[in-house]
Amino acid sequence: MEESLIKRLEAAVTRLEGGGGGVTLSRGGDFSSGANVAAASDPSILAYDDLISQCVGRIITAAEKIGGPVLDVTKIVAEAFAAQKELLVRIKQTQKPDMAGLAGFLKPLNDVTMKADAMTQGKRNDYFNHLKAASDSLSALAWIAFTGKDCGMSMPIAHVEESWQMAEFYSNKVLVEYRNKDADHVEWAKALKELYLPGLRDYVKSHYALGPVWNASGKPVSAPAKGPPGGAPAPPPAPSASLFSSESSKPSSSSNQKQGMSAVFQQLSSGSVTSGLKKVTDDMKTKNRADRSGAVSAIEKETRTTTKPAVSKTGPAKMELQMGRKWAVENQIGKKDLVISECDSKQSVYVFGCKDSVLQIQGKVNNITIDKCTKMGVVFTDVVAAFEIVNCTNVEVQCQGSAPTVSVDNTTGCQLYLNKDSLETAITTAKSSEINVMVPGASPDGDWVEHALPQQYNHMFTEGKFETTPVSHSGA
């Protein structure tokens, strides 16, 4: 029986090293080879091999048909699962560490996840949604950091499900964009989802529903190895913001880097986060101050709106058609007469870093994206796939034809005008505020009717599940 288990493990390792998109799984570690073989023969480890072989293998196959950055980030996903497999083997031989020791223990996995995150930084390319979906999905692997109900994390099964919900926003964008255009991209997005739901979720449910089971009689966690076993070169150092770091990271110019949940809750429990805060006395509270009222003045509102600059000019002004496929409109400041008139349904429009400008798109295009723009107006006729607004402040968009989908992500202030042919447009919002939609009145000569999209929600647990409803406001 033992020989068959060992052969099964060797076959899984051979698949990863030979056909896993360049991902290698080291067999060594800090323990004896006999102990590794015994731990690797555990049913939970063999089940993880099956997860890698079936679900990871499927997404690698789909990515190989696409190539480019999609294949690169998919290889990182496979590498992350291989790294977690090694950690699961080591857990069966290791005593449960403290939080600092856990951060060092999980560093190999963290290093891989940060490689995926690095691919999403900088200027967006045509595969940004693929990269973001893959990168965000890897946060699901942090279930292995669960140490108990008081650690501040959700239970492992719930953590996997919640993490995938963050990645699904971008995975759905891939499905919408390529649904009727390229089956390989659709297959990749479906394979990515099934890797986590039901793949990883069901695996955790079957073997680690209450978290990793450490070996009370095993060896203590040692300092992180300087490099992988077998003499391979050490991985590059991880950025300061770590998925599993137990120490507070210093502020950096990249404020969007991820902090680990374990690090946040450790700081809260130790008091390091709140130790420097001043106590608020009764005379300092707003309700007891004569110089303050509940109303927000227009000047104060304007100050809040403009304190966070949304435009970072990174290059010269540009408005050109690239490779016959993509219109690039970048760094246009104060231009009210921008017009794209010669376009077709196979082309896309990408607007980046523009401020106080107006762009007209005359004709049907595949999709339009507005990224990091301020006080930007866009008037367009038709889009085949979607109109996207990302990281913007105070934008106005008018649809004169039809648009199947409009998505608004991380945006403050958006005025969207829909005509009678675009009233069935699906509008998706995330991390956005002050979103208003204008629609035509009942009569042809009637005034436009404004509808504010809710940004607050009530969540009530009813009959075994949460029901979510938007918050409605009323006032004089």
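## Overview

The protein chain contains eleven helices and 14 strands. The model is a predicted one. Of the 476 residues in the protein chain, 43% are buried. Among contacts in the protein chain with a separation of 6 or more, 44% involve residues 24 or more positions apart.

## Helix α4 against helix α9

Helix α4 covers residues 68-91 and helix α9 covers residues 183-207; the two pack at an angle of about 10°, and their axes are 12 Å apart. Because angles under 35 degrees count as roughly parallel, α4 is described as roughly parallel to α9.

On the α4 side, the contact is formed by Val 70, Thr 74, Val 77, Phe 81, Gln 84 and Leu 88. On the α9 side, Trp 188, Leu 195, Tyr 196, Leu 200 and Tyr 203 take part. By class, the residues of the contact of α4 with α9 comprise nine nonpolar, two polar and no charged.

## Helix α6 and its partners

Helix α6 (residues 107-118) consists of twelve residues. From its first C-alpha to its last, α6 reaches 16 Å, close to the 16 Å expected at 1.5 Å a residue. Its buried residues are Leu 109, Asn 110, Asp 111, Val 112, Thr 113, Met 114, Ala 116 and Asp 117. These buried residues of α6 pack against α4 and α7, the latter being residues 128-137.

The axes of α4 and α6 cross at roughly 170° and come within 9 Å. Since angles over 145 degrees count as roughly antiparallel, α4 is roughly antiparallel to α6. From α4, the residues Val 73, Ile 76, Glu 79, Ala 80, Ala 83, Gln 84 and Leu 87 meet Leu 109, Val 112, Lys 115 and Ala 116 of α6. The contact of α4 with α6 is made up of eight nonpolar, one polar and two charged residues.

## Helix α7 against helix α9

Helix α9 also packs with α7: their axes cross at roughly 10° and come within 11 Å. The two helices, α7 and α9, are therefore roughly parallel to each other. His 130, Ala 133, Ala 134 and Ser 137 of α7 make this contact with His 185, Trp 188, Leu 192 and Tyr 196 of α9. The contact of α7 with α9 holds five nonpolar, three polar and no charged residues.

## The loop between α7 and α8

Ile 144 is located in the loop between α7 and α8. With a relative accessible area of 1%, Ile 144 is buried. Beyond its neighbours within four places in sequence, Ile 144 is in contact with Gln 84, Leu 87, Leu 88, Ile 91, Leu 106, Leu 109 and Pro 212. Although Ile 144 and Pro 156 are twelve residues apart along the chain, their C-alpha atoms are separated by 7.5 Å.

## Helix α8

Helix α8 (residues 156-178) has 23 residues and reaches 32 Å from its first C-alpha to its last, close to the 33 Å expected at 1.5 Å a residue. At Ala 167, α8 bends by about 40°. Asn 172 also lies in α8 and is partly exposed, with a relative accessible area of 35%. Asn 172 and Val 186 stand 14 residues apart in sequence, and their C-alpha atoms are 9.6 Å apart in space.

## Details of the backbone

Leu 197 and Pro 198 are joined by a cis peptide bond with omega of about 15°. Pro 198 is placed in helix α9.

Asn 410, a residue other than glycine, has a positive phi, near 55°. Asn 410 lies in the loop between β8 (405-409) and β9 (412-418), and at 34% relative accessibility it counts as partly exposed. Lys 431, which is not a glycine, has a positive phi of about 50°. Lys 431 belongs to the loop between β10 (426-430) and β11 (433-439); with a relative accessible area of 67%, Lys 431 is exposed.

Methods. Residues numbered from 1 in each chain as written. Predicted model: local features only at pLDDT ≥ 70, side-chain atom pairs only at ≥ 80, totals over all residues. Heavy atoms only, no water. Axes fitted to C-alpha atoms, helices over the stretch in contact; angles between N-to-C directions. Helix = DSSP H or I, 4+ residues; strand = E, 2+ residues; numbered from the N terminus. Parallel < 35°, antiparallel > 145°, perpendicular 65-115°, else oblique. Contact = heavy atoms within 4.5 Å. Nonpolar A, V, L, I, M, F, W, Y, C, P; charged D, E, K, R; others polar. Expected span 1.5 Å × (residues − 1). Bend = angle between axes of the 7 residues up to and from the residue. Buried < 20%, exposed > 50% of the residue type's maximum accessible area, 1.4 Å probe, protein only.
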